[in-house]
Amino acid sequence: MPTTRLTSSSRAVPLAVQAMSITRRRPELHPVAEQSLAVLFRQAQRDLTTILERHDWVIDRPADVETRTFWSTVFGARLISESGFGGRSSDIDLAGVLTIRARSADR
């Protein structure tokens, strides 16, 4: 059965990581960061669900868990990269975080 993997590449990711980093030093900004992440996660969940339904694809975990895990991994990978990690991009497999597959005929 073929498997499709989704990844994200966006110029917004470095800005989001920087903004979250600032909130570590500015606790008064925590509610803004929390709200922004909640919006990102909700929109990503909605988009993922739409794509899954349109193509009759499935995922193994609930869409809300998949989207939070995916974006947390994206942000974490960016932080690792910015910290001076000496590895290659292939050392962190973002594509492996979310695997989408065709729905089985028996479902």
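Student: How many residues does helix α1 have, and how far does α1 reach from its first C-alpha to its last?

Tutor: Helices (H or I, at least four residues) and strands (E, at least two) are DSSP runs, numbered from the N terminus. A helix has an expected span, which is 1.5 Å times one less than its number of residues. Here α1, residues 12-25, has 14 residues and reaches 21 Å, close to the 20 Å expected at 1.5 Å a residue. Please keep in mind that this is a predicted model, where local features need pLDDT of at least 70 and side-chain atom pairs count only at pLDDT 80 or more, while totals for chains, interfaces and linings use all residues. Residues are numbered from 1 along each chain as its sequence is written, and side-chain values use heavy atoms, with hydrogens and water left out.

Student: How many helices and strands does the chain have?

Tutor: There are 3 helices and 3 strands.

Student: How many residues are in the largest nonpolar core?

Tutor: A nonpolar core is a set of buried Ala, Val, Leu, Ile, Met, Phe, Trp, Tyr and Cys residues joined through side-chain atoms within 4.5 Å. The largest one here has 15 residues, and those with the most contacts inside it include Val13, Leu48, Phe70 and Trp71. Two or more residues come from each of α1, α2 and α3. Helix α3 gives the most to this core, with 5 residues.

Student: Glu66 is in helix α3. Is Glu66 buried or exposed?

Tutor: Glu66 is buried, because its relative accessible area is 4%. Its contacts, not counting residues up to four places away in sequence, are Leu48, Ile59, Asp60, Arg61, Val97 and Leu98.

Student: What is the phi of Asp56?

Tutor: Start with the general idea: most residues other than glycine have a negative phi. Asp56 has a phi near 55°, a positive value in a residue other than glycine. Asp56 lies in the loop between α2 and β2 (57-58), and at 42% relative accessibility Asp56 counts as partly exposed.

Student: Which residue is 46 residues from His55 along the chain, with C-alpha atoms separated by 9.8 Å?

Tutor: That is Arg101. His55 belongs to helix α2 and is partly exposed, with a relative accessible area of 39%.

Student: And what percentage of the residues in the chain is buried?

Tutor: Buried residues make up 21% of the 107 residues. Among contacts with a separation of 6 or more, 73% join residues 24 or more positions apart.

Notes:
Buried means under 20% relative accessible area, exposed over 50%, partly exposed in between (1.4 Å probe, protein chains only). Contact means heavy atoms within 4.5 Å.
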